[in-house]
Amino acid sequence: MFTDMGVDMDTAAVSAAFRRWLFHALPNSTYRAWVVETDDGTIVAGGGLTVIPWPPGPRYAGDRLAFVYNVYTEPAHRRRGVARLLMDEIHDWCRAAGIKSVALNASADGLPLYESMGYQVSPAPMMFFAIGKV
């Protein structure tokens, strides 16, 4: 996914760090993941979300936010509604969990899908600042 987006990274280091993070995030239900499989069990798409505490504000009076990320469909399976199916499942889970607001950062490829589902580009884009070395 990150290669497709042109992101330069140390794949081994990021993979190891993510596995360590998942070791804690999956059992305590901080992180949820979904995959889409073909009939033969091949995973062709996936995505996840983290549920985070979120203070009520003018746009959302809830107390939790689902932040969706790492949504990816293998190139051979794109433009078939797979990512939409995945997002519909994520939205259904959020509704059942009482989470009423979902946020994500869209890639250029994903933006049309998310906009067609009702997502809106925020007037205040998210910014990042790295404190120290990661």
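Biologist: A salt bridge is taken here as a side-chain nitrogen of Lys or Arg within 4 Å of a carboxyl oxygen of Asp or Glu. What makes Asp 92 and Arg 95 a salt bridge?

Modeller: The closest N and O atoms of Asp 92 and Arg 95 are 2.9 Å apart, and the rule asks for a distance within 4 Å, so the pair is called a salt bridge. This is a predicted model, in which local features need pLDDT of at least 70 and side-chain atom pairs count only at pLDDT 80 or more, while totals for chains, interfaces and linings use all residues. Residues are numbered from 1 along each chain as its sequence is written, and side-chain values use heavy atoms, with hydrogens and water left out.

Biologist: How many salt bridges does this rule give?

Modeller: The count comes to 2. Arg 64 also forms a salt bridge with Asp 63, with the closest N and O atoms 3.8 Å apart.

Biologist: Why is Arg 95 called exposed, and why is Asp 92 called partly exposed?

Modeller: Buried means under 20% relative accessible area, exposed over 50%, and partly exposed in between, with a 1.4 Å probe and protein chains only. Arg 95 has 58% relative accessibility and therefore counts as exposed, whereas Asp 92 has 41% and therefore counts as partly exposed. In the other pair, Asp 63 is exposed at 53% and Arg 64 is partly exposed at 28%.

Biologist: Where do Asp 92 and Arg 95 lie?

Modeller: Both lie in helix 2 (residues 82-96), 3 residues apart, which is about one turn of the helix. Helices (H or I, at least four residues) and strands (E, at least two) are DSSP runs, numbered from the N terminus.

Biologist: How do you know that the span of helix 2 is close to the expected one?

Modeller: The expected span is 1.5 Å times one less than the number of residues. Helix 2 has 15 residues, and its first and last C-alpha atoms are 21 Å apart, close to the 21 Å expected. After helix 2 comes Gly 98, with a positive phi near 80°.

Biologist: Which residues of helix 2 are buried?

Modeller: They are Val 82, Ala 83, Leu 86, Met 87, Ile 90, His 91 and Cys 94. The buried residues of this helix pack against strand 1, strand 2, strand 3, strand 4 and helix 3.

Biologist: What makes a group of residues a nonpolar core?

Modeller: The members must be buried Ala, Val, Leu, Ile, Met, Phe, Trp, Tyr or Cys residues, joined through side-chain atoms within 4.5 Å. The largest such core has 20 residues, of which Leu 49, Val 68, Met 87, Ile 90 and Tyr 114 touch the most other members. Helix 2 gives the most to this core, with 6 residues.

Biologist: How do you know that strand 2 and strand 3 pair?

Modeller: Two strands pair if DSSP finds at least two bridges between them. Strand 2 and strand 3 have 8 bridges, in the antiparallel sense, so they meet the definition of pairing. Strand 1 and strand 2 also run antiparallel, joined by 7 bridges. Gly 46 stands opposite Tyr 72 in strand 3, and Val 35 stands opposite Gly 46.

Biologist: Why is strand 2 described as largely enclosed?

Modeller: Strand 2 has 11 residues and 8 of them are buried, so the rest of the structure largely encloses this strand. The open sheet has 4 strands in the order 1-2-3-4, with mixed pairing. Strand 1 and strand 4 (102-104) are its edge strands, each pairing on one side only.

Notes. Contact = heavy atoms within 4.5 Å.
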